[in-house]
Amino acid sequence: MSGSELIRTKLAPPLAGGSVVDRADLLGELSQGLACLLTVLVAPAGFGKTTLLAAWHAALSRQGTACGWVTLDRDDDLYLFGAYILEALAGACDGVGRRAQALIRNDPLAPAKNVVSVLINEIAEAGRPIVLILDDLDQLESAPAHEALFRLLRHGPDNFDVVVSGRSAPPLPLSHFQSRNQLLCPDADKLRFDRSDTGRFLHEVAGLKLDAARVQALWQATEGWIAGLQLASIALRNGADAAGIGAGPGAATREIAQYLTENVLAPLPGRLVDFLLRLSVLDRVSPALGAAVSGFDDAAALLDELERRNLFLAPLDAARSWYRFHALFADY
């Protein structure tokens, strides 16, 4: 596949719509991850993963660091996955990956491991740091593509760093990298806006003039969920009352419900949605209580699945005996 046949917008971070809140602390933590081979950023929908990585991509580019970007989706098979990675690296770092591309053109049936081996050697010979950002890796369902990525990482040279993001942990043996001190997993809770971030967002980005009490109420209601604050700000600009939204999502129901329906519930299996609906009457839930209320004997496994998918479910103890849903998600 030639570069002209690829979707070019998958090879660059999305443009930010207007100003954004500076997350210098998080950008600094990502930069520390350059000492590791693999950085994994996992968080629920709407927590600003892509926005953060796009800002970091821009910062790295300004510093002269070669940084490739690929946005993945469910249609990507091994061949497409490889084509996008090779094109991203070639565009970011003076043609790194072109020999691997030539190998595929000359022998379309070349084993993936051979192509990966050629790419690894090209990266090592580049003589400069190279970063590859794979956004929405959880969308990639191809097992052969997962295997190729693991091979690329397992034998990756010292000048190569890969950053992956998604709503759930990537299908990679992360313990392999953790045991070798090659893994960084930033705390997803750090993506939440704190009270100061919330005030800056509402005043500087959303252009709203709210007193400290209303900012506090919105921060507590959204629990720092960035998409929730964005949707609440839309409702406020449309004439909703900040105090009403702070007391609950009712005044922003249309915006929040549409976002959650389209971006969170729509991709889920029907049985999991049914389980969520049955649990929504509970302030907190344990596996046993979940089974009793829902009638699902496998409630413990379903709770594990909800947590794995980052569906706004937070464990309340290390043993995961009890959980609670994000307040806005539960109300929705």
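User: Let's start with Asp94. Where is the place of Asp94 in the chain?

Analyst: Asp94 sits in the loop between helix H3 (78-92) and H4. Keep in mind that this is a predicted model.

User: What makes Asp94 exposed?

Analyst: Its relative accessible area is 70%. The cut-off for exposed is over 50%, so Asp94 counts as exposed.

User: And what is there to note about the phi of Asp94?

Analyst: The phi of Asp94 is near 50 degrees, a positive value in a residue other than glycine. Most residues other than glycine have a negative phi. Asn181 also has a positive phi, near 55 degrees, and is not a glycine either.

User: Where is Asn181 found, then?

Analyst: Asn181 is in the loop between helix H7 (174-178) and S5. With a relative accessible area of 65%, against a cut-off of over 50%, Asn181 is exposed.

User: On to the strands. How do you know that strand S1 is largely enclosed by the rest of the structure?

Analyst: Count the residues: 5 of the 5 in S1 (residues 38-42) are buried, so the strand is largely enclosed. Buried means under 20% relative accessible area. Leu38, Val40 and Val42 point one way, Thr39 and Leu41 the other, and all of them are buried.

User: What makes S1 and strand S4 a pair?

Analyst: The threshold is at least two bridges. S1 and S4 (residues 160-166) have 5 bridges, in the parallel sense, so they pair. In that pairing, Leu38 stands opposite Val162 of S4.

User: How many bridges join S1 to strand S5?

Analyst: There are 2, and the strands run parallel. At least two are needed, so S1 and S5 (residues 183-184) pair as well. Here Leu38 faces Leu183 in S5.

User: Now salt bridges. Why is the contact of Arg99 and Glu125 called a salt bridge?

Analyst: The N to O distance between the two side chains is 3.1 Å. The limit is within 4 Å, so the pair qualifies.

User: What makes Glu125 exposed?

Analyst: Glu125 has 54% relative accessibility, and the cut-off is over 50%. Arg99, at 44%, falls between the 20% and 50% limits, so Arg99 counts as partly exposed.

User: How do you know that Arg324 forms a salt bridge with Glu223?

Analyst: Their closest N and O atoms are 3.1 Å apart, against the limit of 4 Å. This pair links distant parts of the chain: Arg324 is in strand S7 (residues 323-325), Glu223 is in the loop between helix H9 (212-222) and helix H10 (226-237), and they are 101 residues apart. Arg324 is partly exposed, at 30% relative accessibility.

User: What about Arg214 and Asp211?

Analyst: Those side chains meet in a salt bridge too, at 2.7 Å from N to O. Arg214 has a relative accessible area of 34% and Asp211 one of 36%, and each counts as partly exposed. A search of the whole structure gives 18 salt bridges, and Arg8, Glu87 and Arg98 are linked in a network of them.

User: Which residues have the most contacts inside the largest nonpolar core?

Analyst: Trp56 and Leu306, in a core of 46 residues. Trp56 touches residues including Leu27, Leu34, Val131, Ile133 and Val163. A second, separate core of 45 residues includes Leu80, Tyr84, Ala88 and Val162.

User: Which helix gives the most to the lining of the largest pocket?

Analyst: H2, with 6 residues. H2 (49-62), H8 (195-205) and H10 each supply at least two. The lining has 33 residues, with Gly48, Thr50, Thr51, Leu52 and Gln230 nearest the centre of the pocket, and the volume is about 880 Å³.

User: What makes a cavity something other than a pocket?

Analyst: A cavity is space where a 1.4 Å probe fits but cannot get out, while a pocket is open. The search finds 1 cavity of 30 Å³ or more. The largest cavity has a volume of about 40 Å³, and its lining is made of Leu26, Leu30, Leu41, Leu52, Pro186, Asp187 and Leu191.

Conventions:
Residues are numbered from 1 along each chain as its sequence is written. This is a predicted model: local features need pLDDT of at least 70, side-chain atom pairs count only at pLDDT 80 or more; totals for chains, interfaces and linings use all residues. Side-chain values use heavy atoms; hydrogens and water are left out. Buried means under 20% relative accessible area, exposed over 50%, partly exposed in between (1.4 Å probe, protein chains only). Helices (H or I, at least four residues) and strands (E, at least two) are DSSP runs, numbered from the N terminus. A nonpolar core is a set of buried Ala, Val, Leu, Ile, Met, Phe, Trp, Tyr and Cys residues joined through side-chain atoms within 4.5 Å. Contact means heavy atoms within 4.5 Å. On a 1 Å grid over the protein atoms alone, a cavity is a set of points where a 1.4 Å probe fits but cannot get out, and a pocket is an open set with protein on both sides within 12 Å along at least five of seven lines; lining residues have an atom within 4 Å of a point. Grid points are joined across faces, edges and corners, and a volume is the space filled by probe spheres set on the points. Lists of a residue's contacts leave out its neighbours within four places in sequence.
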